[in-house]
Amino acid sequence: MTTGKFTRRAALATGLSGLLLPSVVWPQSTEREIEGGIGGTGIVGVLTDFGSLIVSGNDVEITAETTFSDDFGALSEDDIAIGDSLTIEAAGPQRALMARRVHRTYPVVGRIGILSSDRRRLTVNGVVVRMGDGKHGFTVGDRVAVSGLWRGNEVIGSRLSEAIDDLDLVSGDVTRGLGTVRIGGVDVRGLGVSALANGSFASAVGRYDTETGTLRLERLTKQRFTGAAGPLARLSIEGYLDTTDAAPGYRIAGLGHSFERNLDLRAYAETRVLFNGAYTGRFAAESAVVLPETIAERRRLLRRLSLERG
């Protein structure tokens, strides 16, 4: 893995021109850490290990106050599995994060329409899903909940599970066109859709019409983070970059939050990346670590990051 090092000031001046060494992924002690963790940390990524929750290289402890959920209702800690794509709101300093809210964030839930011969490529309600292997055991016609990360209009899947609700779902970035609104590449229609801001995050639950390729929603959520850990001070986000017309020309697919305008992210345009940094209404990324596509290698690297942070 190629590594480099930069400070927050250098990042603002020259952009994210190199990778930060894993041992210094959080390059500076912030005032918030010194003061005991004022402000929350928002974490988005895939669960790679237990022993607490290891998500995007963060070791997050569970407490009696931690709530678990997905867009279909409340969950318990036992419902969470390796490979789940999670949104976590945590409190405390970076080395002692405590989860206040753990939300299993499915990019798409619906019926398998197409399945490749090696079972690694499938479509769910028209969305292409690419799995690392074909050992999931599902077939055409099965209803599945897909965990993973958006890459463009596709999902790089990390886990397939049986859909436990008869409603469909899509969550991700909002894209507005001439007379259309899409979430993660799926056309959505219904009350509240017209008010969605372009580039924002939304999660729509409803019924997918295979004839029109449209999700007719029954309920809509417009935010990824709810404030469970207080106002966000930092973000730790695993994902892929999408191009945008607004500076700095990129956003993390499916996140719904923009980067600071003066960051140079071109070096990471084609890779899976873990970004960490301050949140000020925009994501002021301070570090970037390129992640392997191979599941086992990525898990080893993220586990190492977690141990080095602790």
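Q: How many aromatic pairs does a search of the whole structure find, and what makes two rings a pair?
A: The search of the whole structure finds three aromatic pairs, where rings of Phe, Tyr and Trp (its six-membered ring) pair if their centres lie within 6.5 Å, and planes under 30 degrees apart count as stacked, over 60 as edge-to-face and the rest as tilted.

Q: Why is the pair of Phe259 and Phe283 called stacked?
A: The ring centres of Phe259 and Phe283 are 5.4 Å apart and their planes stand at 10°, so the pair is stacked. Phe259 lies in the loop between strand 20 (250-252) and strand 21 (272-279) and Phe283 in strand 22 (residues 283-291), so the pair ties together parts that are 24 residues apart in sequence; strands here are DSSP runs (E, at least two residues), as helices are (H or I, at least four), numbered from the N terminus.

Q: Why is Phe259 called buried?
A: Buried means under 20% relative accessible area, exposed over 50% and partly exposed in between (1.4 Å probe, protein chains only); Phe259 has a relative accessible area of 1%, so Phe259 is buried. Phe283 is also at 1% and is therefore buried.

Q: What kind of aromatic pair do Tyr268 and Phe275 form?
A: Tyr268 and Phe275 form an edge-to-face pair, with 5.9 Å from centre to centre and 85° between the planes. Both Tyr268 and Phe275 are buried, and ring pairs link Phe259, Tyr268, Phe275 and Phe283 into a cluster.

Q: How do you know how far these values can be taken?
A: This is a predicted model, in which local features need pLDDT of at least 70 and side-chain atom pairs count only at pLDDT 80 or more, while totals for chains, interfaces and linings use all residues. Residues are numbered from 1 along each chain as its sequence is written, and side-chain values use heavy atoms, with hydrogens and water left out.

Q: What makes the side chains of Asn276 and Ser236 a polar contact?
A: A polar contact is a pair of N or O atoms within 3.5 Å; within protein, one must be able to donate a hydrogen and the other to accept it, and residues adjacent in sequence count only if both atoms are side-chain atoms. The side chains of Asn276 and Ser236 make such a contact at 2.7 Å. Asn276 is found in strand 21 and, with a relative accessible area of 1%, is therefore buried.

Q: Why is His136 called buried, and which residues does His136 touch?
A: His136 has a relative accessible area of 16%, so His136 is buried. Not counting residues up to four places away in sequence, His136 touches Leu115, Arg119, Leu122, Met131 and Leu160, contact meaning heavy atoms within 4.5 Å. His136 lies in the loop between strand 10 (127-131) and strand 11 (143-151), and a polar atom of the His136 side chain lies 3.1 Å from the backbone nitrogen of Phe138.

Q: How do you know that strand 14 and strand 15 pair?
A: Two strands pair if DSSP finds at least two bridges between them, and two bridges join strand 14 (residues 180-183) to strand 15, the two running antiparallel. Arg182 stands opposite Asp187 in strand 15. Strand 15 also pairs with strand 17 (residues 214-221), in the parallel sense over three bridges.
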